[in-house]
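Visitor: Please walk me through a few local features of this model.

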Amino acid sequence: MFSYSYSTTKEKFNNLTNTHRQNFSTLNKTQSYFYSNVTGMDREIDITSDYIFKGIFSDESRTRDFLENILIGDNKIFPEGTKIQEMEYLKNEYIQSKLPEEAKKIIFDLQIKTQQGIFIIEMQKNATPDYLKRVEFYNAIAYSNQDIKDKGDVTKNGKTTKYPMKDYESAHPIITISVIKDKLFDDKVPCVSYHTNTEKETGKQYMNAFSYVFIELDKFDVNNYNKSIISDNEKDWLTFMKTQDINKTYKNEQVNSAVKYVDNIKTNKYEEYLRHQMSEMAAMKEIESAEQKGRKDEKIEIARNLLSMELDVD
């Protein structure tokens with residue numbers, strides 16, 4: 001997903017992690033998703049961290065279940081009865097390679113095929129203050145940079161017509177799913193909201209190039225949610241992400257699979273998780289600092305390289 005040169009960033013990585021190590025060790029429990037005692041029994045893990053989040057959804061069965069529950073149903077992206085027939089991860093392919101450097105903080109891209117056609121899915125998290133503008137801008141770039149073929153010659157009723165233009169009908173719509181820990185919209189917008197281009201008078205969707213799903217975890221109330229919209233399986237995913245409870249047995253077996261993955265990290269790879277978290281914290285601090293001061297080039301490149309180094313998941 002991310003490109004990097006280890007030889008040019010190793011020394012800077014060590015400097016950055018050493019710089020932030022003191023801050024990391026002094027963060028109190030309510031301010032941090034890390035637990036200071038690495039050998040303790042009550043080790044805390046942030047399920048929505050990049051390392052864990054990517055690991056959970058690198059599994060095709062878990063990802064398929066999550067997408068089907070989030071995207072399919074009345075008043076969602078796809079109508080009830082839709083099936084994901086095929087699914088393919090698009091690691092390091094055209095969406096990631098075509099976007100500007102600062103856009104590449106995307107968990108993953110994948111392509112799905114349903115009865116309605118082929119769609120590109122983007123999974124993102126960690127909204128910035130200008131997130132809505134950014135996500136629209138990045139999607140426009142990703143959509144326009146798809147590899148569209150020429151229409152070529154078309155023969156009808158014995159007459160051949162040449163089409164020098166591109167076959168734009170073959171462009172795949174892009175659906176962006178954003179998992180946000182805090183609130184992004186006002187309270188009238190539900191915790192899972194769907195955004196599409198519709199005609200005002202009829203409410204019909206004629207232009208389907210871009211669709212957006214925003215999951216605002218801060219709004220989700222485990223004990224008080226709209227059961228007519230959120231299914232039991234979807235509720236389990238939202239509960240898991242919101243409460244981060246890995247001691248609970250869920251009805252959804254794919255959520256239980258995610259729990260087992262996180263528990264394995266907690267039991268067997270906790271130090272590795274802490275290292276990833278510290279690296280991510282240092283990298284995001286550098287990105288924030290660079291953006292605030294307008295010095296984006298080198299610092300953002302270093303931080304992105306650090307993330308790419310640290311986010312490889314077995």
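This is a predicted model: local features need pLDDT of at least 70, side-chain atom pairs count only at pLDDT 80 or more; totals for chains, interfaces and linings use all residues.

Guide: Residues are numbered from 1 along each chain as its sequence is written, and side-chain values use heavy atoms, leaving out hydrogens and water.

Visitor: Are α6 and α7 roughly parallel or roughly antiparallel to each other?
Guide: The axes (lines fitted to C-alpha atoms over the stretch in contact, angles from 0 to 180 degrees between N-to-C directions) of α6 (residues 232-243) and α7 (residues 253-268) come within 9 Å. They cross at roughly 25°. Angles under 35 degrees count as roughly parallel, over 145 as roughly antiparallel, 65 to 115 as roughly perpendicular and the rest as oblique. The pair is therefore roughly parallel.

Visitor: Which residues of α6 make the contact with α7?
Guide: Contact means heavy atoms within 4.5 Å. From α7 come Gln254, Val255, Ala258, Val259 and Val262. From α6 come Asp236, Trp237 and Phe240.

Visitor: Is Phe220 buried or exposed?
Guide: Phe220 sits in the loop between β8 (207-216) and α6. Its relative accessibility is 3%. Buried means under 20% relative accessible area, exposed over 50%, partly exposed in between (1.4 Å probe, protein chains only). Phe220 therefore counts as buried.

Visitor: How far apart in space are Phe220 and Thr239, C-alpha to C-alpha?
Guide: Phe220 touches Thr239, among others. In sequence, Phe220 and Thr239 are 19 residues apart. In space, C-alpha to C-alpha, the separation is 8.0 Å.

Methods: Helices (H or I, at least four residues) and strands (E, at least two) are DSSP runs, numbered from the N terminus. Lists of a residue's contacts leave out its neighbours within four places in sequence.
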